[in-house]
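Dear colleague,

A short account of the findings follows it.

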Amino acid sequence: MSKRVGITITEHILSRQRENPEATGAFTNLLHELIVAAKVISREVNKAGLVDILGGTGQINVQEEAVQKLDVFANRVIIERMRHVGQLCCMGSEELADPIEIPAAYPKGNYILLFDPLDGSSNIDVNVSIGTIFGIYKKISEDKAKDFLLCDLLQPGYKQVAAGYFIYGSSTIMVYTTGDGVHGFTLYPSVGEFLLSHDNIRIPSKGKIYSVNEGNYPYWDEKTRALVDYFKGMGKESSKPYTSRYVGSLVADFHRNLLKGGIFMYPADRKDPRKPSGKLRLMVEANPLAMVVQQAGGYASDGRGPILKIDPKDLHQRVPLYIGSKEDVELAESFLSGRISSLSPSR
Ligand code: AHM
Ligand code: MG
């Protein structure tokens, strides 16, 4: 991974657009507007603590989770900025039960934006990194009378034309892919621009880090426990232990493992019978990061097969997630399928 600092995100997107003779600039516009929204969110996150934006709103969202003031703010900023760009026919947000229509007053386009406005909300009040995750699809329905149909929102992840995330952390970083590698940009606050800082990111094929909420151990099945025991070097016949790292913000845990190698897991568990597939959402969390990791040479699985091939049934459906270095995720699949229950130390 080379580190050429200087190219702005806009130049980068435009150079990709010039390489594609069919590109109209619509997509470039869309990404540009999303970047502006992220800059606004980043500014507000950096002020948290100084202004009255920390804490909960007292409401519970569609995911049955406490809504934070910054969640609401980020959601609103993205919707308000993106709905008038003219490139979208609809949006879907982790925070809202229903698809977001584009008001009649605004022009419509052929793209669909799915997003988690502020991932890691439980970390907002304690200054741990949080982020925005997004995936972009092209409209597939052809009914001229309707701006969009549900099938436009419920496409499998491999249909994404772009995906990525912003992290609001020690610095604000944007990582994105349009199917041509993964590139990272860092926001230079004094310039107000995202500049290329991580060109063509490649994830190591095998890592040394495992990331999982081990407080859920009692709720996992035997195969999941055997897998995590293996990473801890505690299996029947295990290897040298991996290092454990878990922040509790998916974007931050994912980003670290993307750069260093390793596996992030949010397995299915028995904690809440209404959520048998774990906590994370397919459309706004798993799919975008699955596209990013695949483009970086890694892999994302639900424990049985590729996340990107899952046919979604619901905008808010949850999915077990194993994501990161290819060999580590394939190893997880082997444990979870029962093909192996322990490994020899020679591995
Ligand atoms: P959120 O989008 O409402 O913030 O929830 C998702 C977050 C992920 O960022 C993180 O990986 C996970 O929830 C942490 O869950 P847990 O506290 O159960 O470990
Ligand atoms: Mg989230």
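**Helix packing and the ligand site**

Helix 5 passes helix 8 in a right-handed crossing, where right-handed means that the near helix is turned clockwise from the far one by less than a right angle, and left-handed that it is turned anticlockwise. Helices (H or I, at least four residues) are DSSP runs, numbered from the N terminus. The model is predicted: local features need pLDDT of at least 70 and side-chain atom pairs count only at pLDDT 80 or more, while totals for chains, interfaces and linings use all residues. Residues are numbered from 1 along each chain as its sequence is written, chains are lettered from A and ligands numbered from 1 in the order in which they are written, and side-chain values use heavy atoms, with hydrogens and water left out.

Axes are lines fitted to C-alpha atoms over the stretch in contact, and angles run from 0 to 180 degrees between N-to-C directions.

Helix 2 (residues 26–47) packs against helix 3 (residues 69–82) at an angle of about 155 degrees, with the axes 9 Å apart. That makes helix 2 roughly antiparallel to helix 3. The contact of helix 2 with helix 3 has 13 nonpolar, no polar and three charged residues.

Helix 6 (residues 250–260) and helix 7 (residues 282–295) have axes that come within 12 Å and cross at roughly 15 degrees. Helix 6 and helix 7 are therefore roughly parallel to each other. Leu250, Phe254 and Leu258 of helix 6 meet Glu285, Leu289, Val292 and Val293 of helix 7.

Ligand 1 is surrounded by 17 residues, the closest being Gly120, Asn213, Tyr246, Leu250 and Tyr266 (a residue is near if one of its heavy atoms lies within 4 Å). A polar side-chain atom of tyrosine 246 lies 2.5 Å from an oxygen atom of ligand 1, and a polar backbone atom of glycine 120 is 2.6 Å from an oxygen atom of ligand 1. These are polar contacts, pairs of N or O atoms within 3.5 Å.

Methods: Helices (H or I, at least four residues) and strands (E, at least two) are DSSP runs, numbered from the N terminus. A polar contact is a pair of N or O atoms within 3.5 Å; within protein, one must be able to donate a hydrogen and the other to accept it, and residues adjacent in sequence count only if both atoms are side-chain atoms. Angles under 35 degrees count as roughly parallel, over 145 as roughly antiparallel, 65 to 115 as roughly perpendicular and the rest as oblique. Ala, Val, Leu, Ile, Met, Phe, Trp, Tyr, Cys and Pro count as nonpolar, Asp, Glu, Lys and Arg as charged, and the others, Gly among them, as polar. Contact means heavy atoms within 4.5 Å.
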